[in-house]
Amino acid sequence: MANIVIDRIKKTFGTFEALKEISLEIHDGEFVSLLGPSGCGKTTLLRIIAGLETETSGKLLIGGTPINGLAPKDRGLAMVFQNYAVFPHMTVFENVAFGLRMQKADQKRVKSQVDKAAALLHIEPYLDRYPNKLSGGQRQRVAVARALAVEPKVLLMDEPLSNLDALLRLEMRTELKAVLQASGTTTIYVTHDQTEAMGLSDRIAVMYNGRIEQVGAPVDIYSHPASRFVGGFMGSPPMNFIRLPVTNGTVKLGNTHHSVPVHTGSDIVLGLRGENVARTPLAEGLRLDVRVAEPMGSHLLLTGIIAEQPVRVILPPGETVRAGDAIGLKPDADRLIWLSPETGLSLNHPKT
Amino acid sequence: MQNDKSWIPYLLIAPSVIFLALLFLLPLVQTIWLAISEGGVPSLANLQTMAGDLNFRLAIRNTFLLTLAVVPIQIMIALAMGSMVAKVGAGRETILWIWTIPLGISDLAAGLVWLSILQNSGYLNSLLFSAGLIERQANWLSYQTPVALFFAIAIAEIWRGTAIVMVIIVAGLNQVPKEYREAAEVFGAGRWTRFFRITLPLIKPALQSALILRTVLAFEVFAVVYALGGSNMPVLVGEAYTWQNQNQNYGVAAAYAVLIMVISLAATLVYLKAVKVDPERLP
Ligand SMILES: Nc1ncnc2c1ncn2[C@@H]1O[C@H](COP(=O)(O)OP(=O)(O)OP(=O)(O)O)[C@@H](O)[C@H]1O
Ligand SMILES: [Mg+2]
């Protein structure tokens, strides 16, 4: 069993709080992504789990055993570093073999493990080369292969595919997922690419400013963001936020009244995903003044104004809309997110 | 071809090249000629006089022994100091500054510092005497105590010459991003494995420079030896000095100078081969 318990981990650098009491439990064999903007503390959390950085307070357990204070090499995990840290003075083969050599694995096992990892990451042609002449993407794959070669129980990956071109990235992503699922490796995967996180993860932890904003299955996080930040961070285009007045406990969208959990007199923010609308006659729907219409092939992306606020919505590719048009939109009543304008927190999200 | 400015670098470099040629190459050629000629015609007489001299073998032996004793210890101490200071956060600059103080002291002054400690009426004897360890002033630096003299000189040289090695090695260590050591640590490497498998190979260029510099300087050891032992412990440069100034025999002095140069060049070549730095294997 290699579940990971992160219990109120805090990290301060001088007076700066990089991590503010992070708690997260990762089940054995689970794939969890840490998703968040640059500087939110993803790498710091990973380095603390690896033992490369000492937490200011809080507890860490792997497989039920406390690992606070344990040296990195005694934590039994492997890591892919954000800046690769591929050893320049060793061939690619020796780099991938490094962890196995440290475990004093016999020659046969070293060879077979390295070959397996190299095949998976398509780095066989470079096994005899030195990293010096490899491209960033190639080095990154060496770093991933080095971590996979030891078949760790716990694998920490810090943006391991960030330097690959889109096509290779997609391919690696799929293969990584297959391999890690088959081996039952508990994985923490840092990324700020939300499609990557959605595609790979059993659960996603969205981080912001040293806090975990929300943890959940990708679809949950996408459809039921707990806060304005999460909604805006997930999805492309990001969720729209429209501030609207509340009258008699309802908000009027076009001809329809929607009851909201807020009293009359105050405002509420509607979180609306761009794809959760359908076209409707202008008189019946929410009025969208179209500023830009971009036919994307699979869909039509409209940028415009609703209730004096900028929005982006997605319509089927066949719709004929041009810049300057005013059209009516009918939001999907089941998929409306209501947010507090003050706190930015969701008002209809069931608190977990 | 009006915009061809490729001559500018040459123009800028020229003064230093001319300067070095005049003040270095010319005397070098003259010295070599002086060593291998007699009365204007090529001759091995100077070399024969040098090799036949009583002190010649002693000087060679002492110089090599000193180099062998001093350089490895200096490298080890510098590596230890460099690794330790790398772990220090606040106060690092101050520690480095203190450690490099010997750099600012001339080698003769360094010799005199140690003379004041080790001479018959020096601090060491006073200390040992007041501690009741010796009954009368002991002699450390005479020709009758060659081993003590050798150790005294070696210690003084180590004290004086380690700082420069440390500066080079600290610079080398600074070039190695900590991620390499961290990665090794995560993958199970202990402290010593990390040092020998990761750090040491990655600071090879610095190590090579330090070794060459220190070895060449060690073969030229003189002022410290002279200050502490006078002529009690002959070394190569000391012999050159004696032949030049006391014996007024410039030819033999030149022969010594050439010999030291040849040894230094040979040592450099050995290091370049032995501590090979493959640019392909650098970060
Ligand atoms: N050693 C350190 N000393 C001081 N501040 C640090 C240190 N390491 C990280 N920080 C700060 O902690 C915050 C979080 O850094 P971290 O590297 O964890 O971000 P990240 O989420 O990994 O960002 P990115 O996506 O850009 O890699 C940043 O504001 C950073 O400046
Ligand atoms: Mg990071």
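Trainee: In E5(A), which residue is the bridge partner of A:Ile62?

Mentor: The model is predicted; local features need pLDDT of at least 70, side-chain atom pairs count only at pLDDT 80 or more, and totals for chains, interfaces and linings use all residues. Residues are numbered from 1 along each chain as its sequence is written, chains are lettered from A and ligands numbered from 1 in the order written, and side-chain values use heavy atoms, without hydrogens and water. Strands (E, at least two residues) and helices (H or I, at least four) are DSSP runs numbered from the N terminus. In E5(A), A:Ile62 has as its bridge partner A:Thr65.

Trainee: How many bridges join E4(A) to strand E5 of chain A?

Mentor: Two strands pair if DSSP finds at least two bridges between them. A:Leu61 stands opposite A:Pro66 in E5(A). E4(A) and E5 (residues 65-66) run antiparallel, and the bridges that join them number two.

Trainee: Which residue in the turn of the E4(A)-E5(A) hairpin has a positive phi?

Mentor: The hairpin has two residues between its strands. One has a positive phi of about 60 degrees: A:Gly63.

Trainee: Which residue in E4(A) does A:Ile6 stand opposite?

Mentor: Strand E1 (residues 4-13) and strand E4 (residues 57-62) of chain A pair in the antiparallel sense over five bridges. In E4(A), A:Ile6 faces A:Leu60.

Trainee: Which are the edge strands of the open sheet in chain A?

Mentor: The sheet has four strands with antiparallel pairing, in the order E2-E1-E4-E5. Each edge strand pairs on one side only. They are strand E2 (16-26) and E5 of chain A.

Trainee: At what angle to E1(A) does helix H1 of chain A run?

Mentor: Axes are lines fitted to C-alpha atoms, for helices over the stretch in contact; angles run from 0 to 180 degrees between N-to-C directions. H1 (residues 42-50) lies across E1, E2 and E4 of chain A. To E1(A) it runs at about 115 degrees.

Trainee: How far apart are the centres of domain 1 and domain 2 of chain A?

Mentor: An automatic or database assignment sets the bounds: domain 1 is 4-228 and domain 2 is 238-339. Taken over C-alpha atoms, the separation of their centres is 39 Å.

Trainee: How many residues does each domain of chain A bring to the contact?

Mentor: Contact means heavy atoms within 4.5 Å. Domain 1 of chain A gives six residues, and domain 2 of chain A gives seven.
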